[in-house]
Amino acid sequence: MLLSKGLWLGKGRIRPSGISLGDEVEADVQVSEDDEGISLSGAFSGAFNGTFSIRIAPDETGTYVVDARVGAFALEGMGKLESEPNLCLLWNEGGTQSATVALFAVARGIGCRGFLREGEQTLTWEMLLRLKQDALKADNVVSLSRRRR
């Protein structure tokens, strides 16, 4: 899977059908792993505000089981996450909502694109996710290289 453990920051656009430009959206994504799979949790802000929780676990056939709670949407489905692009197909229990998600490597991070369909309405999004690198301060770090004066 392309997303590794850590805190990821996302910035992109969300676009309802019939709109050409779309609205900005940002995301804070915490990725964690355990013996049974991967969890993604966090929040969106901007054009779409809300929290999300996604659980991904391998199944016995070589694909992954995906359980997603994004705002008011409760979707489940499957994913192919062993090679690029990482792909997921999700749907709700009644079959009235469906979504696709693709993750792929780009020069500055991980790209995420997808579609959500509910009734006659379609929503698309694209987002760039970057791993947040916190600089760690340490008093015991010494530089061995000479500096120019």
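Modeller: Happy to! A nonpolar core is a set of buried Ala, Val, Leu, Ile, Met, Phe, Trp, Tyr and Cys residues joined through side-chain atoms within 4.5 Å. Keep in mind that this is a predicted model. Its largest nonpolar core has 26 residues, and those with the most contacts inside it are Leu 3, Val 29, Leu 40, Ile 56 and Leu 129. Strand β2, residues 23–34, supplies the largest share of this core, namely four residues. In soluble globular proteins, nonpolar side chains tend to be buried together.

Let's pick Leu 40. Setting aside neighbours within four places in sequence, Leu 40 is in contact with Met 1, Leu 3, Val 29, Gln 30, Val 31, Phe 52, Ser 53, Ile 54 and Ile 56.

Now for the strand. Asn 86 has its place in strand β7. Asn 86 counts as buried because its relative accessible area is 3%, and buried means under 20%. A polar atom of the Asn 86 side chain lies 3.0 Å from the backbone nitrogen of Leu 2. The backbone oxygen of Ser 83 lies 3.1 Å from a polar atom of that side chain of Asn 86. Not counting residues up to four places away in sequence, Asn 86 touches Met 1, Leu 2, Lys 80, Leu 81, Val 101, Ala 102 and Leu 103.

Strand β7 covers residues 86–91, and Trp 91 lies in it too. Trp 91 is partly exposed, with a relative accessible area of 34%. Together with Met 78 and Leu 89, Trp 91 forms a nonpolar patch on the surface, with about 270 Å² of accessible area for the three together.

Methods
Residues are numbered from 1 along each chain as its sequence is written. This is a predicted model: local features need pLDDT of at least 70, side-chain atom pairs count only at pLDDT 80 or more; totals for chains, interfaces and linings use all residues. Side-chain values use heavy atoms; hydrogens and water are left out. Patches are made of residues with over 30% relative accessible area and no salt bridge: like charges are joined within 9 Å, nonpolar side chains (Val, Leu, Ile, Met, Phe, Trp, Tyr) within 5 Å. Accessible areas come from the Shrake-Rupley method with a 1.4 Å probe; for residues, only the protein chains shown count as cover. A salt bridge is a side-chain nitrogen of Lys or Arg within 4 Å of a carboxyl oxygen of Asp or Glu. Helices (H or I, at least four residues) and strands (E, at least two) are DSSP runs, numbered from the N terminus. Buried means under 20% relative accessible area, exposed over 50%, partly exposed in between (1.4 Å probe, protein chains only). Contact means heavy atoms within 4.5 Å. A polar contact is a pair of N or O atoms within 3.5 Å; within protein, one must be able to donate a hydrogen and the other to accept it, and residues adjacent in sequence count only if both atoms are side-chain atoms.
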